[in-house]
Amino acid sequence: MRSRLSVRVMSAMLTVMLLAGCGSLVATPIKKILDNPRDYSGKSVRVTGEVTETFSLFVIKYFTVKDGTGEITVVTTKLLPQKGSKITVKGTVHEAFSLGDKQLIVIVEPAETRSA
């Protein structure tokens, strides 16, 4: 009986550790990031959604992703995705600027990660 309990406890602990390690594989709702920017600042996240806007001017490139819960800007150095395309982006959350009660939260995408 005691042996079974130990196996169950060990299995539960292993499951929790695996799920915690896979957190970066699951998309974070954009609303969660925008509602709690301090919790996500400097942390790596993955978002999935539709590209609604793109912008490129010399070395400044960004696009906007909308997932049904919100919209967020993604700063990139890679080729811009097509407007309307479905995309998954992994990057680090940053506060681009803050002016009074307004702030712009962005995801900065590293050069090597993106999937369509």
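This report describes the strands, a surface patch and the salt bridges of a predicted model.

## The barrel

Five strands form a closed barrel in the order β1-β2-β3-β5-β4, and their pairing is mixed. On average, neighbouring strands of this sheet are turned by 50° against each other, direction ignored. Strands of a sheet pair through backbone hydrogen bonds, either parallel or antiparallel.

Strand β1 covers residues 44-57 and strand β2 covers residues 60-66; the two pair in the antiparallel sense over seven bridges. Within this pairing, V51 has V65 in β2 as its bridge partner.

## A nonpolar surface patch

F55, L57, F58, V59 and I60 make a nonpolar surface patch of about 580 Å². Among these residues, F55 is found in strand β1. F55 counts as partly exposed because its relative accessibility is 32%.

## Salt bridges

The whole structure contains three salt bridges. One of them joins K31 to D35, with the closest N and O atoms 2.7 Å apart. Both residues lie in helix α2 (residues 30-35), four residues apart, which is about one turn of the helix. K31 is partly exposed at 43% relative accessible area, and D35 is partly exposed at 47%.

Another salt bridge connects K86 with E50, the closest N and O atoms being 3.5 Å apart. This pair links distant parts of the chain, since K86 lies in strand β4 and E50 in strand β1, 36 residues apart. K86 counts as exposed at 57% relative accessibility, whereas E50 is partly exposed at 31%.

The side chains of K78 and E109 also meet in a salt bridge, at 3.6 Å from N to O. K78 lies in the loop between β3 and β4 and E109 in the segment after β5, so the pair ties together parts that are 31 residues apart in sequence. Both K78 and E109 are buried.

How values were computed: Residues numbered from 1 in each chain as written. Predicted model: local features only at pLDDT ≥ 70, side-chain atom pairs only at ≥ 80, totals over all residues. Heavy atoms only, no water. Pairing = 2+ DSSP bridges. Axes fitted to C-alpha atoms, helices over the stretch in contact; angles between N-to-C directions. Patch = residues over 30% accessible without salt bridge, like charges linked within 9 Å, V, L, I, M, F, W, Y side chains within 5 Å. Areas by Shrake-Rupley, 256 points an atom, 1.4 Å probe, with all protein chains shown as cover. Salt bridge = Lys/Arg side-chain N within 4 Å of Asp/Glu carboxyl O. Buried < 20%, exposed > 50% of the residue type's maximum accessible area, 1.4 Å probe, protein only.
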